[in-house]
Amino acid sequence: MFSGIIEFLGVVSAVKYEKQDLKIQAMEIKIKTGIPDLILGESVAVNGVCLTVTKLGTNDEASFFISSETLDRTNLYVLIENMKVNLERAVTPSTRLSGHIVQGHVDATGRIFKIEQKGEAHQLFVALPSSLRKYVVEKGSIAIDGVSLTINGIKETAEENHGINEFLIDLMIIPHTWNHTRLGLLKVDDIVNIEVDIISKYVENLCQVQK
């Protein structure tokens, strides 16, 4: 389990693909994590995706295997050498839960729709697939590339370049988060990993069971 509070900005140092019929079936990535005490088998959220440390190298490098299931559900297929990634280690029983409960199990990908500077802060508009609408509420929590954020508003009405099967959320990003995560590197139309609040899915399941 994670909290959505990014601890390190890692750098991808190597990417290895496993392909079949020109389709990527799996990947292995090596990341300069900046984390000196990682251990084999440890869970690390990479851009919000829970991955397992499969190898340890020198200079705080760690390798992670990415399965076809993870490639289908996340944006990790876009990773290339020298790309920066958000990293968070799993929480411990004594960790402050400064964000919200983040599992690292990505529900879908979203698209950066618009970025506006608001003084020292930045307002981020993200287009999400309509299948996630029932899990998203104003002032609720959401993880974008593993960063725990609060939803400021929701817009249902389509705009130019706004897909029919999408809706918009807007998020206000404070300077610290903008500068200390890869959110500050995002551009319009970039694809991001989305994890909705797990509590909303439990509530939905309980309501269905009780019917």
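Biologist: Before we start, what pLDDT do local features need?

Modeller: The model is predicted, and side-chain atom pairs count only at pLDDT 80 or more, while totals for chains, interfaces and linings use all residues; local features need pLDDT of at least 70. Residues are numbered from 1 along each chain as its sequence is written, and side-chain values use heavy atoms, with hydrogens and water left out.

Biologist: Thanks! How many disulfides are found in the whole structure?

Modeller: A disulfide is a pair of cysteine sulfur atoms within 2.5 Å. Cys 50 is partly exposed at 28% relative accessible area, and Cys 207 is partly exposed at 41%; here buried means under 20%, exposed over 50%, and partly exposed in between, using a 1.4 Å probe and protein chains only. The search of the whole structure gives a disulfide count of zero.

Biologist: And how many salt bridges are there?

Modeller: The rule asks for a side-chain nitrogen of Lys or Arg within 4 Å of a carboxyl oxygen of Asp or Glu. One of the pairs is Asp 190 with Lys 187, at 3.8 Å from N to O, and Lys 187 is exposed at 53% relative accessibility. The count comes to 12 salt bridges.

Biologist: Which residues are linked in a network of salt bridges with Asp 37?

Modeller: Asp 37 and Arg 89 meet through their side chains in a salt bridge of 2.7 Å, N to O. This pair links distant parts of the chain, 52 residues apart, with Asp 37 in the loop between strand 2 (23-32) and strand 3 (43-46) and Arg 89 in strand 6 (residues 84-89). Helices (H or I, at least four residues) and strands (E, at least two) are DSSP runs, numbered from the N terminus. The network joins Asp 37 to Glu 42 and Arg 89.

Biologist: How many residues apart in sequence are the parts tied together by Arg 133 and Glu 156?

Modeller: Arg 133 forms a salt bridge with Glu 156, with the closest N and O atoms 2.7 Å apart. Arg 133 sits in the loop between strand 8 (121-129) and strand 9 (141-144), and Glu 156 in the loop between strand 11 (153-155) and strand 12 (166-173), so the separation of the parts they tie together is 23 residues.

Biologist: Is Thr 33 buried or exposed?

Modeller: Thr 33 lies in the loop between strand 2 and strand 3. Leaving aside neighbours within four places in sequence, its contacts (heavy atoms within 4.5 Å) are Phe 8, Leu 38, Asp 60, Ala 62 and Leu 87. With a relative accessibility of 2%, Thr 33 counts as buried.

Biologist: What is the phi of Asn 59, roughly?

Modeller: Asn 59 is found in the loop between strand 4 (49-56) and strand 5 (61-66), and is exposed at 68% relative accessible area. Although Asn 59 is not a glycine, its phi is positive, at about 55°.

Biologist: Where is Asn 82, which also has a positive phi?

Modeller: Asn 82 has a phi near 75° and is a residue other than glycine. Its relative accessible area is 63%, which means exposed. Its place is in the loop between helix 1 (68-73) and strand 6.
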